[in-house]
Amino acid sequence: MAVNLKLALMSLVFLVAFNAINHAQAAVFDVTTHGAKPGADMTAALTGAWKEACAAAGKNQVVVPKGTFHLGPVSLEGPCKGPIEFQNQGTIQAPADPSKFQDFWIQFLHVDGFTLSGAGTFDGQGQTAWKSNICANNLNSCGVLAANLKFSFVTNAVVTGITSLNSKYFHIILLGCKGMRMEKLTITAPADSANTDGIHIGRSSGITITDIKIGTGDDCISLGDGSQDITITKVTCGPGHGISVGSLGRYKDEEPVSGITVTGCTITNAQNGVRIKTWPASPSAGSASGMHFEDITMINVDNPILIDQGYCPHGQCKAQVPSTIKISDVSFKNIRGSTNNVEAIKLACSKSVPCEKVNLQDIDLKFTGSGEAKTICENVKPTISGTQNPPGCTGAAAAAAPA
């Protein structure tokens, strides 16, 4: 009995200590105590504060207070000795000159248990970069432009509250990340700012994106190869190019895409709504499956529902060679609203590997022009149920798909 009592007391002491550690107030590393001053460059101060916080045991917090601070390109790296938070309450501005960067402005690398928070703004000052962006003319001579925030191999993380403004390129990139939640963000750039995707995900899994406002000059959210188990909810998108899976199939040996769920979103004044896009003449075979789009409102969207397996921006590809990316198990359910395009739904699948298991259910898209809207199907025979406005597939190309 005495031994059991002793063990019980030891367990209780351990639990109390464990809870105390986990609920202890985080140690604060304020950049202003490391030499940062409003209106001046804080690169050295932020780097110093991060290194100290990362090396310290327990929960630690790097804080940028209210005020405007200038920051050059930085890579804030782990692994750290404990959970770490970067809290931005100010406005952090990047240099306007795009030549000063690699492919990121601020990178978080190999950090586990990370939080990025605060009501502050990351201002990429991308106006000069947009003018020099020649990707539309030559994809092979784009040069390197910087994303505002790049998360590389970050795990078990939360990104909440912050604003990304006027990035030179993509606003937020996730590469090789696992177990991240992004919520209550604002991502903004003008409609004519080239390649300013809001959030781009590649080779990452277990990502949740919710309650985010995005208006940019490109995809609000784009999911590249290797995106798996991605949940997107309550996103307000527009202007921009919608929520896209892809583009896929441009490079050799791309990883499969699977487990994509997009629900409860509103897309307004956008070029596209929900889209899957793959390049023709893919250098190697690939797949995209288990993609579900549901409860989505479209307001004045050019292409509300689109599968484009001949994606060939500015004619810079071999469009006559079909895509080898296999698309299957796709559903579009309860999608409603308005479009100014007579081809309200276009499912243009690959002649080489036709789409399979595509479902259209309860679609109601009102055409704002004159005449009747259409559903165009190529190399696919979708299952259709419930309300269908515009009516089901037209065009002989649908017969090319397997039953």
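Predicted model: local features only at pLDDT ≥ 70, side-chain atom pairs only at ≥ 80, totals over all residues.
Reader: Which strand does β4 pair with, and is the sense parallel or antiparallel?
Author: β4 pairs with β7 in the parallel sense, over four bridges, and within that pairing the bridge partner of L76 is F108 in β7.

Reader: OK, F108 then. Buried or exposed?
Author: F108 has a relative accessible area of 0% and is therefore buried, given that the cut-off for buried is under 20%.

Reader: How many aromatic pairs turn up in the whole structure?
Author: A search of the whole structure finds eleven aromatic pairs. One of them is formed by F108 and F151, which are stacked at 5.3 Å centre to centre with 20 degrees between the planes. That pair links distant parts of the chain, since F108 sits in strand β7 (residues 104-109) and F151 in strand β10, 43 residues apart.

Reader: And F151, is that ring's residue buried or exposed?
Author: F151 counts as buried, at 0% relative accessibility.

Reader: What about Y169 and F170, how are their rings arranged?
Author: Y169 and F170 form a stacked aromatic pair, with 4.3 Å centre to centre and 5 degrees between the planes. As for accessibility, Y169 counts as partly exposed at 24%, whereas F170 is buried with a relative accessible area of 12%.

Reader: Back to F151: what is it in contact with, leaving aside neighbours within four places in sequence?
Author: With those neighbours left aside, F151 is in contact with F108, F114, L116, V159, I172, I173, L174, L175, C177 and M180.

Reader: Which residues form the aromatic cluster?
Author: One aromatic cluster is formed by W50, F86, W105, F108, F114, F122 and F151.

Reader: How many residues are in the largest nonpolar core, and which have the most contacts inside it?
Author: The largest nonpolar core has 93 residues, and those with the most contacts inside it are F108, F114, F151, F293 and F332. As general background, nonpolar side chains in soluble globular proteins tend to be buried together.

Reader: Why is β5 described as largely enclosed?
Author: Four of the five residues of β5 are buried, so the strand is largely enclosed by the rest of the structure.

Reader: Switching to the backbone: where are the cis peptide bonds you'd point out?
Author: The peptide bond from G78 to P79 is cis, with omega near 0 degrees, and P79 is placed in the loop between β4 (74-77) and β5 (84-88). Another cis peptide bond joins G238 and P239, where omega is about 0 degrees, and P239 is found in the loop between β19 (228-237) and β20 (243-248).

Reader: Which residues have a positive phi without being a glycine?
Author: F153 has a positive phi of about 55 degrees although it is not a glycine, and N269 likewise has a positive phi, of about 50 degrees. F153 lies in the loop between β10 (147-152) and β11 (155-160), and N269 is found in the loop between β22 (266-268) and β23 (272-278).

Reader: How accessible are F153 and N269?
Author: F153 is partly exposed, with a relative accessible area of 42%, and N269 counts as partly exposed as well, at 47% relative accessibility.

Reader: Last one, how does the whole protein come out?
Author: The secondary structure comes to three helices and 30 strands, and buried residues make up 50% of the 403 residues. Among contacts between residues at least 6 apart in sequence, 74% join residues at least 24 apart.

Key
Residues numbered from 1 in each chain as written. Heavy atoms only, no water. Helix = DSSP H or I, 4+ residues; strand = E, 2+ residues; numbered from the N terminus. Buried < 20%, exposed > 50% of the residue type's maximum accessible area, 1.4 Å probe, protein only. Phe/Tyr/Trp six-rings, centres within 6.5 Å; stacked < 30°, edge-to-face > 60°. Pairing = 2+ DSSP bridges. Core = buried A, V, L, I, M, F, W, Y, C linked by side-chain atoms within 4.5 Å. Contact = heavy atoms within 4.5 Å.
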